[in-house]
Amino acid sequence: MAIGKLNKLPQTAVLKQILKRCSSLGKKQGYDEEGLPVDIPKGHFAVYVGEKRTRYIVPISFLSRPEFQSLLQQAEDEFGFSHHMGITIPCEEAVFEALTSTLR
């Protein structure tokens, strides 16, 4: 999915697409009846960052920020969005933490 497409969809549609790709949807422990992770608060989604694939929970409001869209574009270019682990951001954890701290 290209970032340009993200800008044309309503935020709820974007969230549903991301959640479908971030979750291995299905009824298993840790997931609700809709197949969504129970440990992620409403209005947030998970991304995986760095070599160790550390999991971060970020607000969906980040999706509208150009800085975060740039990270998503890098993730799409490097990994695509059709793998099972969720969105993996190809940068160091320290860089990701510094960027996201400025977005809050």
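The questions below concern the helices and strands of a predicted model.

Local features in this model need pLDDT of at least 70, side-chain atom pairs count only at pLDDT 80 or more, and totals for chains, interfaces and linings use all residues. Residues are numbered from 1 along each chain as its sequence is written, and side-chain values use heavy atoms, with hydrogens and water left out.

Q: Which pattern does the protein chain follow along the sequence?
A: Helices (H or I, at least four residues) and strands (E, at least two) are DSSP runs, numbered from the N terminus. The protein chain has four helices and three strands. Their pattern along the sequence is α-α-β-β-α-β-α.

Q: What length does helix α3 reach from its first C-alpha to its last?
A: Helix α3 spans residues 66-79 and has 14 residues. The expected span of a helix is 1.5 Å times one less than its number of residues. For α3 the expected value is 20 Å, and the helix comes close to it, reaching 20 Å.

Q: Which residues of α4 make the contact with α3?
A: Helix α4 (residues 93-103) packs against α3 at an angle of about 145°, with the axes 10 Å apart. Axes are lines fitted to C-alpha atoms, for helices over the stretch in contact, and angles run from 0 to 180 degrees between N-to-C directions. Contact means heavy atoms within 4.5 Å. On the α3 side the contact is made by Glu67, Phe68 and Leu71, and on the α4 side by Phe96, Leu99 and Leu103.

Q: In which sense do β1 and strand β3 pair?
A: Two strands pair if DSSP finds at least two bridges between them. Strand β1 (residues 44-49) has five of its six residues buried, and six bridges join it to β2 (residues 54-59) in an antiparallel run. With β3 (residues 87-89), Tyr48 stands opposite Thr88. Over three bridges, the sense of the β1 and β3 pairing is parallel.

Methods:
Buried < 20%, exposed > 50% of the residue type's maximum accessible area, 1.4 Å probe, protein only.
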